[in-house]
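Biologist: I am new to this structure, so please show it to me, and then let us go through it together.

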Amino acid sequence: MTLPLIAAEACAPASAPRLPDAPPAPWLRGERLRLREFCAEDLADLMRMHADRRLRAHLLDDQPLDKTLTAVQFLVHVSRVYRRHEGLGIWHASAGGGDDAAPRFIGWFNLMPLPTRGDGAIELGSRLVPGAWGGALAMEGGELLLDHAFDRLRLPRVWATCDPDNRSARACLAALGFQEQGLDDYDGRPGVYAFVERAHWSGWRRLPRRERLRAARAARQDADEAHATHATHAAHAAHAAHAHRAPDRPNGCATRVEASP
């Protein structure tokens with residue numbers, strides 16, 4: 001165990017769980033992914049991930065997890081979540097590890113309470129290192145946790161949020177069956193809110209991933225075209241209204257017709 005973690009646990013209440021020194025066994029596995037609880041050994045990976053500006057540019061809740069104290073507090077906090085909220089948490093994600101190669105750290109996936117959407121609302125999320133972007137790992141992790149949320153936890157609905165400018169994240173959520181509900185505040189920044197219900201996921205997950213991706217892209221294209229058409233019509237309407245408006249009168253004064261001398 002690293003010294004900062006020893007110090008943090010020494011100051012914590014006696015009831016606080018002790019972080020394991022060695023990585024626990026994965027509790028959830030996919031084709032390539034492994035999810036497990038965080039441990040003391042993960043501190044350096046956690047800090048290194050959050051030192052990358054590319055990742056932090058897309059975060060709605062950007063906390064300084066590249067700093068030792070904040071990262072330690074995070075690990076202690078998530079260890080409590082595992083014990084107090086069975087089935088929920090923020091989990092260390094790794095991929096690979098075939099033959100003699102060790103699995104590599106790629107970030108985290110989470111199911112956590114989302115109080116802004118009411119009691120019992122749960123949010124699906126992920127945070128991946130840039131080297132893991134674009135390889136469908138976010139999709140695989142989302143599928144694993146939606147199955148867990150709906151089949152094991154029996155949740156009726158799962159929420160998700162993302163940066164409005166993160167088109168890749170929005171496309172991934174759409175391919176997972178999430179329906180966007182517009183923008184709202186998230187930790188002081190505007191975020192896209194979306195949800196998927198258990199009844200929808202039960203049928204949607206039976207479709208091949210490639211087909212779900214195509215459907216999501218088509219829906220996004222339709223939405224973009226509808227938005228562009230609406231913007232064009234609004235611009236034409238504004239132009240027409242301006243063309244038919246009476247000329248502005250200087251300084252707001254009434255026009256006077258003066259008699260010739």
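Modeller: S94 touches R32, L33, R34, P103, R104, F105 and I106, not counting residues up to four places away in sequence, where a contact means heavy atoms within 4.5 Å. This is a predicted model, in which local features need pLDDT of at least 70 and side-chain atom pairs count only at pLDDT 80 or more, while totals for chains, interfaces and linings use all residues. Residues are numbered from 1 along each chain as its sequence is written, and side-chain values use heavy atoms, with hydrogens and water left out.

Biologist: In which strand does S94 lie, and is S94 buried or exposed?

Modeller: Helices (H or I, at least four residues) and strands (E, at least two) are DSSP runs numbered from the N terminus, and S94 belongs to strand β3, residues 89-95. Buried means under 20% relative accessible area, exposed over 50% and partly exposed in between, with a 1.4 Å probe and protein chains only. Because its relative accessibility is 8%, S94 counts as buried.

Biologist: How many Å separate the C-alpha atoms of L137 and S94?

Modeller: L137 is part of helix α5, residues 137-152, and is buried, with a relative accessible area of 4%. Although L137 and S94 are 43 residues apart along the chain, their C-alpha atoms are separated by 9.9 Å.

Biologist: What word describes the packing of α2 against α4?

Modeller: Helix α2 (residues 43-50) and helix α4 (residues 68-84) pack with their axes 10 Å apart and at an angle of about 120°. Axes are lines fitted to C-alpha atoms, for helices over the stretch in contact, and angles run from 0 to 180 degrees between N-to-C directions. Under 35 degrees counts as roughly parallel, over 145 as roughly antiparallel, 65 to 115 as roughly perpendicular and the rest as oblique, so α2 is to α4 oblique.

Biologist: Which residues of α4 does α2 meet?

Modeller: From α2, the residues in this contact are L43, L46 and M47. The residues of the contact divide into seven nonpolar, one polar and no charged; Ala, Val, Leu, Ile, Met, Phe, Trp, Tyr, Cys and Pro count as nonpolar, Asp, Glu, Lys and Arg as charged, and the others, Gly among them, as polar.

Biologist: Where is D187 found, and is D187 buried or exposed?

Modeller: Most residues other than glycine have a negative phi. D187 has a positive value near 55° and is found in the loop between β7 (179-186) and β8 (189-197). At 51% relative accessibility, D187 counts as exposed.
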